[in-house]
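Q: Could you walk me through this one? I'd like to begin with the sheet.

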Amino acid sequence: MCLRCSALSSPWSSRRAFLLAAGAGAAGAATPALAQVDVGDASSLRKLVPAETLEQSAARQYRQMLEQARAKRALAPQGHPQLQRLHAIAGRLIPFTAPWNERARQWRWEVNLIGSQQINAFCMPGGKIAFYTGILDQLKLTDDEVAMVMGHEMAHALREHARERIAKTQGTNLALRLGSALLGLGDLGNAAANLGGQLLTLQFSRSDESEADLVGLELAARAGYNPRAAASLWQKMGNATGSRQGGLAFLSTHPSGPARIKELEQNVPRVQGLYEAAKRS
């Protein structure tokens, strides 16, 4: 199910002055002019990897993942209450994504739910989102906390962290030795097209995680979700670290800790007004 059209026609889309003012004329994933959190501009190195190629590769991997889940009877049907809940939350977040990345206006956003005890969720390039039932059930997430997870994962896609990681790991050394003109885009384009399952296990840097935290915090606040839920979410994540229940795939790539919670709490006042305005409208 493509969520973009339903999101753009939702009552939340009336609050899109932010999109029109900050997104007009913006290129790539630069920081929107009206952003309340400060994450700086996205890395220009990502431009070495063709966005279209990476998004197409992600879409193929996403389809393969869904087919495998369906074969195991682990893919939630469209009428599943938890999936409908995820769709509703995504529908409120998506209208606020374009200022962070103009490409998001054309993405065919999807959200699916997979039955698994893993504590995990992700958003692949191009807006392909998946949640595992373990993260919802084991952590007993509220809607506000789910919005923080979803906003965080969307932010990784919007800030094109996967595209940047590939450029750094596949091309930086060659670029330094040969120069980007000699390297050409073809080599990195091929790398992006032939990632196999790597997009599902890609490791982001600490700065990537911090960016995703803050951008996700702002997305959720603009959509009317309480930004204070960011702290309670990561407290739950921290508590789950010591648990033996299910897999901790999410926590292996998203480590929790006091420093992470402190940074989020320091940024709550920056987006509190957005949240209050969203609740009034």
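**The sheet and its helices**

A: It has an open sheet of three strands, ordered β1-β3-β2, with mixed pairing. Strands pair if DSSP finds at least two bridges between them. Helices (H or I, at least four residues) and strands (E, at least two) are DSSP runs, numbered from the N terminus. This is a predicted model: local features need pLDDT of at least 70, side-chain atom pairs count only at pLDDT 80 or more, and totals for chains, interfaces and linings use all residues. Residues are numbered from 1 along each chain as its sequence is written, and side-chain values use heavy atoms, leaving out hydrogens and water.

Q: Which strands stand at the edges?
A: β1 (110-114) and β2 (121-124) do. Each has a single partner strand, so one side of each lacks a neighbour in the sheet.

Q: In what sense do β1 and β3 pair, parallel or antiparallel?
A: Parallel, over five bridges, with β3 covering residues 128-132. Val111 stands opposite Ile129 in β3.

Q: Which helix packs on the sheet, touching β2 and β3?
A: Helix α6 (residues 143-158), where contact means heavy atoms within 4.5 Å. Its direction makes about 30° with that of β2. Axes are lines fitted to C-alpha atoms, for helices over the stretch in contact, and angles run from 0 to 180 degrees between N-to-C directions.

Q: Switching topic: how many residues has α3?
A: Helix α3 (residues 51-71) has 21. Its first and last C-alphas are 30 Å apart, close to the 30 Å expected at 1.5 Å a residue (1.5 Å times one less than its number of residues).

Q: What comes just after α3?
A: Arg73, with a positive phi of about 60°.
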